[in-house]
Amino acid sequence: MRQELLREIKEHALYQLREQLSMSLTTEMEISKVMEHPNDVWGRISSVIKRESERAESAIVDIFGVEKEEVGRIIADLKQHAANRVETFFKDESRYVATLMKKRFVFALFASKSPTIKEAYSQCLDILSTMAVIRLDNNHDGVRRLLYSGLMDAHKISPDPLSSITWEKVPSQKTLITPIKCRDIWNKFKLDMELRLANDRLYR
């Protein structure tokens with residue numbers, strides 16, 4: 001009975017640690033934060049996972065006094081739980097990236113102090129870049145550079161770097177939106193925004 005009670009206490013404690021990690025991640029992954037500060041999203045999420053994992057490790061040692069090897073297994077399980085939650089969230093939200101970009105464009109151009117259309121587009125491209133690839137390891141910055149050079153740069157690269165279905169040095173399981181899909185989303189988004197701008201000018 002003592003062993004069974006200890007097992008139940010341990011399972012409950014681990015459940016609480018997972019819940020705490022999930023709540024912290026949920027707060028950091030609010031879509032409003034993704035839209036407002038897209039370039040910081042992956043760094044903030046990685047910091048949350050690191051902080052909560054360290055806190056969990058300390059709690060596990062204090063509560064259970066388990067050996068180092070078992071602590072490592074528990075922390076690895078928590079990090080995997082976090083990664084799965086983050087990946088599921090961004091896979092779902094990446095389907096609506098065009099809508100997020102349109103909202104950001106309208107806000108940037110009409111509700112904030114952004115002085116130029118180019119800056120408004122730049123903010124929207126940051127959202128597309130953030131949603132394109134999972135970056136829990138803080139790598140794959142080349143995605144953002146490639147999108148800017150392929151979509152914002154006045155001097156286009158030939159051949160088109162966004163005609164591929166894969167990102168260079170990015171595992172397929174970390175890809176949410178392929179380069180060619182990013183290009184298609186951007187072209188449709190920009191056409192919609194240009195039509196909106198033209199209509200706004202027409203009815204002023």
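User: Is K169 buried or exposed?

Analyst: This is a predicted model. K169 is found in the loop between α7 (142–152) and α8 (179–202). Exposed means over 50% relative accessible area. K169 has 72% relative accessibility, so K169 counts as exposed.

User: What is the phi of K169?

Analyst: Most residues other than glycine have a negative phi. K169 is not glycine, and its phi is positive. The value is near 65°.

User: How many disulfides does the structure hold?

Analyst: A disulfide is a covalent bond between the sulfur atoms of two cysteines. C124 is buried at 0% relative accessibility. C182 is buried at 0% relative accessibility too. The number of disulfides in the structure is zero.

User: How are the rings of F105 and Y121 arranged: stacked, edge-to-face or tilted?

Analyst: A search of the whole structure finds seven aromatic pairs. In the pair of F105 and Y121, the centres lie 4.9 Å apart. The planes meet at 40°, so the pair is tilted.

User: Which parts does the pair of F105 and F189 tie together?

Analyst: F105 and F189 form an edge-to-face pair, 6.0 Å centre to centre with 85° between the planes. F105 counts as buried at 1% relative accessibility, and F189 also has 1% and counts as buried. The two residues are 84 apart in sequence, so the pair ties together helix α5 and helix α8.

User: Which residue has its charged end over the ring of Y121?

Analyst: Y121 is buried, with a relative accessible area of 6%. Ring pairs link Y121 into a cluster with F105, W186 and F189. The charged end over the Y121 ring sits 5.3 Å from the ring centre and belongs to K190.

Definitions and conventions: Residues numbered from 1 in each chain as written. Predicted model: local features only at pLDDT ≥ 70, side-chain atom pairs only at ≥ 80, totals over all residues. Heavy atoms only, no water. Helix = DSSP H or I, 4+ residues; strand = E, 2+ residues; numbered from the N terminus. Buried < 20%, exposed > 50% of the residue type's maximum accessible area, 1.4 Å probe, protein only. Disulfide = S-S within 2.5 Å. Phe/Tyr/Trp six-rings, centres within 6.5 Å; stacked < 30°, edge-to-face > 60°. Lys NZ or Arg CZ within 6 Å of the ring centre and 35° of its normal.
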